[in-house]
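Please read this briefing alongside the sequence and the model.

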There are 2 protein chains.
Amino acid sequence: VTVVEHAFIHVDPERVPDFVAMFPEARAVLASSPGFQWAELHHGLERPGVLLLLVGWESLDAHLVGFRQSERFPRWRALIGPYFTADPEVEHYEPAVARTP
Amino acid sequence: VTVVEHAFIHVDPERVPDFVAMFPEARAVLASSPGFQWAELHHGLERPGVLLLLVGWESLDAHLVGFRQSERFPRWRALIGPYFTADPEVEHYEPAVARTP
């Protein structure tokens, strides 16, 4: 992984379980994109209406061009968009020290 | 992992390489705390002065009590605190869908 997409997704706290149940279907759309490496989803303890999506990409362009500018992006948004209560907040991070136990 | 600590650490962008080089020493203090599972460090592409620290803990109390209320916390802060340009922003997340390729 060279780039991690970091997205705060804002949803109705009561709909978090539905979002989590739907997520594998949306994840399959992500996972079909070239340069996709992994995805994980977390939900906020202090902010129960916030889901944290982390996606490992081979490069920044794999996300911004290969995914965002492909026909996969509207399919992804069609699945997750109906849950939004605000615009997602998306940033990118570069791993500096890898996960080590 | 049942809880992920998610911390935005704000530093001078020019000191990011020094922070990264120091981090293994600070990480060793974290890692000596009961219930610690892993740690990873990322740095922001859009916000070059932001480091993202993710720490896997066995429970919320492992972080908030076992670590924060121990003598390890001042040792950790003594190492990372000198780099701060603002207070860290700390939240906790619960894994909902595990990292899968």
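The points below are grouped by topic, after a short note on conventions.

This is a predicted model, in which local features need pLDDT of at least 70 and side-chain atom pairs count only at pLDDT 80 or more, while totals for chains, interfaces and linings use all residues. Residues are numbered from 1 along each chain as its sequence is written, chains are lettered from A and ligands numbered from 1 in the order in which they are written, and side-chain values use heavy atoms, with hydrogens and water left out.

**Interface of chain B and chain A**

- Chain B and chain A bury about 3,100 Å² between them, 57% of it on carbon and sulfur atoms; buried area is the accessible area (1.4 Å probe) that two parts lose on being put together, summed over both.
- In chain B, the residues that lose the most area to chain A are Tyr93(B), Val97(B) and Arg99(B), together 21% of what that side buries.
- Each chain brings 34 residues to the contact, where contact means heavy atoms within 4.5 Å.
- Across this interface there are 17 residue pairs in polar contact, both at pLDDT 80 or more. A polar contact is a pair of N or O atoms within 3.5 Å; within protein, one must be able to donate a hydrogen and the other to accept it, and residues adjacent in sequence count only if both atoms are side-chain atoms.
- On the side of chain B that touches chain A, at least two residues each come from strand 1 (3-10), helix 1 (16-31), strand 2 (36-44), strand 3 (50-57) and strand 4 (89-100) of chain B. Helices (H or I, at least four residues) and strands (E, at least two) are DSSP runs, numbered from the N terminus.
- Strand 4 of chain B gives the largest share of that side, ten residues.
- Val97(B) lies in strand 4 of chain B and is buried at a relative accessible area of 16%; buried means under 20%, exposed over 50% and partly exposed in between (1.4 Å probe, protein chains only).
- Beyond its neighbours within four places in sequence, Val97(B) is in contact with Val20(A), Phe23(A), Glu40(A) and Leu41(A).

**Salt bridges**

- Over all chains the structure has ten salt bridges, each a side-chain nitrogen of Lys or Arg within 4 Å of a carboxyl oxygen of Asp or Glu.
- Four salt bridges cross the interface of chain B and chain A. Glu91(B) pairs with Arg47(A) in a salt bridge, with the closest N and O atoms 2.4 Å apart.
- Arg99(A) forms a salt bridge with Glu40(A) at 3.8 Å between the closest N and O atoms. This pair joins strand 4 and strand 2 of chain A, 59 residues apart.
- Arg99(A) is partly exposed at 32% relative accessibility, whereas Glu40(A) is buried at 4%.
- Glu71(B) and Arg72(B) meet in a salt bridge (4.0 Å, N to O).
- Salt bridges that share partners join Glu40(A), Arg99(A), Glu40(B) and Arg99(B) into one network.

- Glu5(A) is located in strand 1 (residues 3-10) of chain A.
- Glu5(A) is buried yet has no salt bridge, and the nearest side chain of opposite charge, Arg68(A), is 5.1 Å away. Lys and Arg count as positive and Asp and Glu as negative; His and the chain ends are not counted.
- The side chain of Glu5(A) makes a polar contact with that of Trp57(A) (2.9 Å).
- His10(A) also lies in strand 1 of chain A and counts as buried at 15% relative accessibility.
- The side chains of His10(A) and Glu89(A) make a polar contact (2.6 Å).
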